[in-house]
Amino acid sequence: MRKSFKAVLSMMFVVLLVSATMITTLAVGNISNLKATNVTAKSATIPWSAASGADGYELQYTTGSTTKKVTIKGKNTTSYKLTLTPGKSYTVQVRSYDKVIKTYYGSWYKITVKAVPAKVTNFKATQLAGGSSLKLTWT
């Protein structure tokens with residue numbers, strides 16, 4: 001009876017050790033170097049450095065009260081082209097994920113992107129009566 005108890009206890013220890021090892025290896029790393037490049041009035045490229053152990057990434061962006069979420073499948077895709085509205089600011093967050101049996105997430109990494117204002121068109125300067133003032137108009 002004593003030998004079987006030791007054997008069962010040894011097996012339980014091995015199972016616990018293997019389980020603990022699996023949990024630590026399932027954790028996904030965090031992305032780094034999140035930034036905005038090629039920012040214009042209408043778009044921006046959002047690149048980042050890959051996270052170790054990632055199966056993909058989640059990108060979330062907010063402007064005003066509108067939030068949109070994008071799932072990027074594949075560990076080799078480490079950028080996203082964001083469509084912008086001229087002059088608006090966007091909060092952009094990216095995190096990694098690893099989907100094995102359960103989905104594990106890295107930490108969110110956040111930046112702010114400001115779209116370039118729209119170009120001024122139809123600019124017109126009109127001199128007002130008296131000659132000391134101008135009326136400026138544009139669209």
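**A walk through a predicted protein model**

Hi everyone, let's begin with contacts: in this predicted model, residues 24 or more positions apart account for 53% of the contacts with a separation of 6 or more.

What are the elements behind that? The secondary structure comes to one helix and nine strands. Reading from the N terminus, the order is α-β-β-β-β-β-β-β-β-β, with the helix α1 covering residues 2-26.

Now, how far can we trust the picture? The mean pLDDT of the protein is 85, and 81% of the residues reach 70 or more. Confidence is highest in strand β1, residues 43-47, with a mean of 97, and lowest in helix α1, with a mean of 52. Over residues 14-24 the pLDDT is below 50, and this stretch has zero contacts in the model beyond near neighbours in sequence. Where pLDDT is low, the predicted coordinates should not be read in detail.

Of the 139 residues, 26% count as buried. The largest nonpolar core has 21 residues, and those touching the most other members are Ile 46, Trp 48, Tyr 57, Leu 59, Val 92 and Val 113.

Take a moment to find Trp 48 on the screen. Leaving aside neighbours within four places in sequence, Trp 48 contacts residues including Ile 31, Leu 34, Tyr 57, Leu 59, Ile 72, Tyr 80 and Val 94.

Technical notes
Residues are numbered from 1 along each chain as its sequence is written. This is a predicted model: local features need pLDDT of at least 70, side-chain atom pairs count only at pLDDT 80 or more; totals for chains, interfaces and linings use all residues. Side-chain values use heavy atoms; hydrogens and water are left out. pLDDT is the predictor's confidence in each residue, from 0 to 100. Helices (H or I, at least four residues) and strands (E, at least two) are DSSP runs, numbered from the N terminus. Contact means heavy atoms within 4.5 Å. A nonpolar core is a set of buried Ala, Val, Leu, Ile, Met, Phe, Trp, Tyr and Cys residues joined through side-chain atoms within 4.5 Å. Buried means under 20% relative accessible area, exposed over 50%, partly exposed in between (1.4 Å probe, protein chains only).
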